[in-house]
Amino acid sequence: MDFTVDGLIFLMAVMLIIGVVATKFSSRLGMPSLVLFLLAGMLLSEFIYFDNTEFVQLVGILALIIILFEGGTQTQWQSIRPVIGPAASLATLGVVITSGLVGLAAVLILDLSWLEGLLLGAIVGSTDAAAVFSVLGSKNIKERLTSTLEAESGTNDPMAVFLTIMFIELIQFPDTSVLSLIGGFVMQMSIGLVAGLVLGRTTAVVINKINLDASGLYPVLALSFAIFTYAGTTFINGSGLLAVYVMAVMVGNHDLTYRHSILRFNEGFAWMMQIVMFIMLGLLVFPNQLLDVIWQGILLSLILMLIARPVGVFLSMIGMKYSTKEKVFISWAGLKGAVPIVLATYPIVAGVENALLIFNTVFFVVLTSALIQGGTLSWLGNKLGLAGEEVPPSPYSLELVSLGKTESEMVELTIPKDSAVAGYQLVDITLPKHTLITAIIRNQKILTPTGNTRIKEGDTLYVLTRKKTRDLVKVRFYQKRIPVVNAEQDIKKSDSGT
């Protein structure tokens, strides 16, 4: 079916509407929304012939950048710091073991060559955090487990990408040195890590220092840095995906101007890119082609879920202080998502023999993994005693929207333990001029502050202040129970210069 420009725009609108509505059904059915996105794309493929693999690959990579950036900015460093070791082991050794076992099975089941089988195993080696947490929803799984899965999924994509490209190169150029490829991988990871740290710090400084005409430009600036991080790091032969994730974690854990605007924009845009990407990936698949690999796909999925992933998890976490139940849960939480299907387009673009068979098998494995594991992950968390009560969504959200240049901004502060101001009334706390406490959140309730309101540990304050005094406000509220004379002197100096 051929489309005019208006027809393509109409099709895009329909795709987005279907995708948004599908998220509502996915939460009720207890499965990742990606399943319904893919099914929607497959349904459309019956009416629309679309086989532009290169374009889908480009859209997929761009979507992965945005999704990784959104996930990284939501990651709390204090949560993932204790699990860096286990997550790194899962993201490297765990991926290699999982990929190797699936590759061996693919050779026997699909009658592929050794390199083609290992290529298929490499493609399905990584996990998808968005799929995991869309299933868990508001389930209160142990923080260490969620942090481990989050850190693993954010850092295991580069290993899967490296293995995929390595096996494609070995298939096309059998004389390629494996040792040189491994050395190149170490170099890519090193460059990606350094680039992510440097550009993450740079992004945070630029966002806080620049004075843009409208608050809506700050999210665009942040996202532009994320895309630049990937492109720049890839240009110097580094791991662009690793750089984006590290950069995003750096940005997300800095105190940012218009932080809420940036995070909300990222969240909405990441959802849109997921919908577009998965529906377009679904367009590449024809249901009748999947029927040709149905029993092979089911067998490979079972081997991946019941053997390869658990073996990879248990071996890569030897000696680490995780219980057997926790390792079982981590094993079952190895949902497949965007990366495997995007990587499955690489052999097609490269012209690898049996590339279409590999793509259809990977698609089937991802679909069945999401359906089976996604549909039972929440149940398993409860069964193993790793899930608590559902956490209600936060009932408050407050931010200052700038319609033009302004010297003021809204700052969100949470009073830490042993804060110097805890127990004091607002009237007794010295603050810079033109500073106003607009709201206090306490025990999930919004309080209207007055001069007699006492500040308590754990309170979340929304403070309207000038940009040049925001740091002084933070020092005043964050300072521990020690003499605060210096802070008050700084405030007086600031006021005198106003």
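Mentor: Before we start, a contact here means heavy atoms within 4.5 Å. This is a predicted model, where local features need pLDDT of at least 70, side-chain atom pairs count only at pLDDT 80 or more, and totals for chains, interfaces and linings use all residues. Residues are numbered from 1 along each chain as its sequence is written, and side-chain values use heavy atoms, with hydrogens and water left out.

Trainee: Okay, so what is Val328 in contact with, leaving aside its neighbours within four places in sequence?

Mentor: Phe314 and Leu384. Val328 itself sits in helix H16, residues 324-332. Helices here are DSSP runs of H or I with at least four residues, strands are runs of E with at least two, and both are numbered from the N terminus.

Trainee: Is Val328 buried or exposed, or partly exposed?

Mentor: Partly exposed, at 33% relative accessibility. Buried means under 20% relative accessible area, exposed means over 50%, and partly exposed is in between, using a 1.4 Å probe and protein chains only.

Trainee: And how far is Val328 from Pro310?

Mentor: Their C-alpha atoms are separated by 7.1 Å, and the two residues are 18 apart along the chain.

Trainee: Let's zoom out. How many helices and strands does the chain have?

Mentor: There are 21 helices and four strands. The chain has 498 residues, and 53% of them are buried. Take contacts between residues at least 6 apart in sequence: 82% of those join residues at least 24 apart.

Trainee: Which residues have the most contacts inside the largest nonpolar core?

Mentor: Leu120 and Phe329, in a core of 121 residues. Helix H19 (residues 355-383) gives the most to this core, with twelve residues. By nonpolar core I mean a set of buried Ala, Val, Leu, Ile, Met, Phe, Trp, Tyr and Cys residues joined through side-chain atoms within 4.5 Å.

Trainee: What does Leu120 touch?

Mentor: Not counting residues up to four places away in sequence, its partners include Val102, Leu300, Ile358 and Val362. Apart from that core lies another one, of 14 residues, with Ile415, Leu431, Ile440 and Val473 among them.

Trainee: Now the outside. Where does the largest share of the nonpolar surface patch come from?

Mentor: Helix H15 (residues 294-316), which supplies nine residues. Trp295, Leu302 and Leu315 are among the patch members, and together the patch has about 1,100 Å² of accessible area. That area comes from the Shrake-Rupley method with a 1.4 Å probe, and for residues only the protein chains shown count as cover. Nonpolar patches join Val, Leu, Ile, Met, Phe, Trp and Tyr side chains within 5 Å, using residues with over 30% relative accessible area and no salt bridge. A salt bridge would be a side-chain nitrogen of Lys or Arg within 4 Å of a carboxyl oxygen of Asp or Glu.

Trainee: How exposed is Leu315?

Mentor: Leu315 is partly exposed, with a relative accessible area of 43%.

Trainee: Switching to Ser89, what does it touch?

Mentor: Gly94, Ser316 and Met320, not counting residues up to four places away in sequence. A polar atom of the Ser89 side chain lies 2.5 Å from the backbone oxygen of Ser316. Ser89 is in helix H5 (residues 84-110) and is buried, with a relative accessible area of 13%.

Trainee: Last one: what's up with the phi of Asn237?

Mentor: It's positive, about 65°, although Asn237 is not a glycine. Most residues other than glycine have a negative phi. Asn237 is in the loop between helix H11 (217-235) and helix H12 (240-252), and it is exposed at 58% relative accessible area.

Notes:
Patches are made of residues with over 30% relative accessible area and no salt bridge: like charges are joined within 9 Å, nonpolar side chains (Val, Leu, Ile, Met, Phe, Trp, Tyr) within 5 Å. A polar contact is a pair of N or O atoms within 3.5 Å; within protein, one must be able to donate a hydrogen and the other to accept it, and residues adjacent in sequence count only if both atoms are side-chain atoms.
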